[in-house]
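Good morning, and thank you for making time for this item. I would ask you to keep the sequence and the structure in view while I speak.

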Amino acid sequence: MQHPDIAMSTHTPTLDLTATPFSRRGCWLALSYPRPHYQVVGPGLYLRTLHGRPLVQRELFRIDLLRDGEVIEHTATATPSLLTLRPKRGEGEVQIALEATDAVRLRGRGIGLLLTAAIPEKPQAPTVATHDGPGRLAINFRGALRRYEIIALEGAEPTLHGQWEGEHFSRAEVRLEGPAWELAIEEFTSTWVDRSRADFDALERSAVEALQSFNEGLPEVPAALEPARALAGYVLWSATMHPCGQLKREATFMSLNWMDGVWSWDNVFNAVALAGADSKLAFDQIMVVADHQDEHGAYPDYIGDVFKHYNFSKPPVQGVLMDELARHRPRWFTPARRRALLDTIERFTRWWLDHRRYPGRKLCHYLHGNDSGWDNSTILHRGSPLIAPDLNAFLVRQSAWISAQHQRLGSSAKAKRWAKQADALTADVLEQLWNGEQFVGIKLPEDEPVTSRSLVDCMPIVLGKRLPAEIATKLTERIATFITDHGVATEHPDSPMYTPDGYWRGPVWGPSTLLIVLGLESVGAHALAARIARGFCETCSRIGFPENHNALTGEPLRDPGYTWTASAFLLLAGRMDSEGG
């Protein structure tokens, strides 16, 4: 039954385009103002593509308003369905809407438009612009691996201006002025083909309806957090890409800013949050990575439409998170999904056990901080290989989950083998990694214990009832010292290695917060879990969903619009009662 203070409204967020780009589900284009710290181009509003290799320039065109041939200052107002630009002085406006999957529409009244190609000073690949027929221009951005057709749909035709250098443009502009006009910018690879197009107003309506339908299935939250819930839904919905290239399924990217791709543990947090909004989309978030599982059972660290790599791995959190999903949505696990998930997760778990155990050791190790997902965690400050407490606790949960699935599917022999594996790993974790006060790592080959003041050594809390009561109590007390008003710090605030913007050396992250909360709940520490959830969610309701945030001040840090932060918020906010936790 729905709690009386739990809200399911149709709140429409206003987007901060410096943090949350304007896009829509399925579309590989987005519009935003890049933040100065990450700018590879000058300031301004840019149309960007999400295609291509990771962490490279995505900006295609800077968008400005024109009056009498001169650029004028503008303001931008964006909802999830419509972006509107208006002059700071005078009349007129430009409205922008998006088509799935590869087009943007611009409509102007009483004002002109300037599109400036975002060509870096030292381009790595040429940009070529040309007339392509009546009312049409074609721009070839080789760096983006795409071409763009600019088509006049109403009013004056766009004109091309620039500096030709014999083989490419060092400067290219598209100008359009007139009392009323409409343009389409359509993304393609080799060949542009004309097509029928929806009415501009219909594009806006379809976006409103699609997002509203999507948000209806998201986890319920207290009424005070409904605006943040609506924004979280938009962040997830707008970052979901149509299948393309190596991505054979819809893929929810981590961000539309610069972390634009799928990393192979981020996707699992998103899957759990998405299960109520779109059950197939949730399943596809796990399988879009599993589609590229190699012959050894390893997942790629990162995958996008044209690039993937296996240089690192990511921690095996699937068991913990599939248990969480089953607690809330048991019917999500159809027989076909259960079998597919069991197959890929079992292979991935076996990969850790077969290929990440040092000769003669029973517990598994990380080869690099990036393998842990906590890239620069202080538990790895002395190097690797490192037998890590979080990794082996996750493998216990993973083995137990695999055992339970085999039991449900009638494979009792396999269920017993995996249950025995879970029990053996549990015993080894407690014997080798608990020093009487905290969990430690073991640096190999020296066989030296490694202590830290990182939250990562508290992650065995996810072992729940497998922990002896005395250890569970000490671990709970230790976790309590990491809590701030904004969540749970990843490095103890009193640690000499604590850094306010230290990535995994201090800031609060959504996934680590969620895992700690799940662990605390599993040992009965519900009040402490609720306190953490409340601090994290209330902070997100004020700052949005950055990659991480300052543990002491709540200041947003790094990528300002991150999907797994939105997912963690949605999964934690439902745990808060009417008094706030």
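Predicted model: local features only at pLDDT ≥ 70, side-chain atom pairs only at ≥ 80, totals over all residues.

I63 stands opposite L115 in strand 10.

Which other strands pair with strand 4? One is strand 3, residues 45–49, which runs antiparallel to strand 4 over four bridges. Within that pairing, L47 has F61 of strand 4 as its bridge partner. Another is strand 5, residues 70–72, again antiparallel, with three bridges. Strands 4 and 5 make a hairpin with two residues between them, and in the turn D68 has a positive phi of about 55°.

Is strand 4 mostly covered or mostly open? It is mostly covered, with seven of its nine residues buried.

The largest nonpolar core has 178 residues, and F61 is among the six that touch the most other members; the others are L31, I96, M322, L341 and F569. Let us take L31 as an example. Leaving aside residues up to four places away in sequence, L31 touches L17, P21, F22, L45, Y46, L47, I63, L83, I96, L98 and V104.

The buried set consists of E226, A228, R229, A230, L231, A232, G233, Y234, V235, L236, W237 and S238. A general point bears on such a list: an α-helix has 3.6 residues a turn, so residues three or four places apart point the same way.

Helix 11, residues 510–522, also has 13 residues, and from first C-alpha to last it reaches 18 Å, close to the 18 Å expected at 1.5 Å a residue. Helix 11 is mostly covered, twelve of its 13 residues being buried. Those residues are G510, P511, S512, T513, L514, L515, I516, V517, L518, G519, L520 and E521. After helix 11 comes G524, with a positive phi near 85°.

**A helix crossing and an open sheet**

M322, which I listed for the core, also takes part in a helix contact. At what angle do helix 5 and helix 8 cross? The axes of helix 5, residues 318–328, and helix 8, residues 389–408, cross at roughly 55° and come within 7 Å. That angle makes helix 5 oblique to helix 8. On the helix 5 side, the residues that meet helix 8 are Q318, G319, V320, M322 and D323; on the helix 8 side they are F394, R397, Q398 and W401.

Elsewhere, three strands form an open sheet, antiparallel in its pairing, in the order 20-21-22. Strand 20, residues 262–263, and strand 22, residues 308–309, each have a single partner strand and stand at the edges, so one side of each is left without a neighbour in the sheet. Strand 21, residues 302–303, is joined to strand 22 by two bridges, and Y302 stands opposite H309.

**Backbone details in the loops**

The peptide bond from A100 to T101 is cis, with omega near 15°, and T101 lies in the loop between strands 8 and 9. S384 and P385 are also joined by a cis peptide bond, with omega about 5°; P385 is in the loop between helix 7 and strand 24.

Two residues other than glycine have a positive phi. For L145 phi is about 60°; this residue sits in the loop between strands 12 and 13 and is partly exposed, at 46% relative accessible area. For D447 phi is near 65°; its loop runs between strands 25 and 26, and D447 is partly exposed, at 44%.

Key
Residues numbered from 1 in each chain as written. Heavy atoms only, no water. Buried < 20%, exposed > 50% of the residue type's maximum accessible area, 1.4 Å probe, protein only. Pairing = 2+ DSSP bridges. Core = buried A, V, L, I, M, F, W, Y, C linked by side-chain atoms within 4.5 Å. Contact = heavy atoms within 4.5 Å. Expected span 1.5 Å × (residues − 1). Axes fitted to C-alpha atoms, helices over the stretch in contact; angles between N-to-C directions. Parallel < 35°, antiparallel > 145°, perpendicular 65-115°, else oblique.
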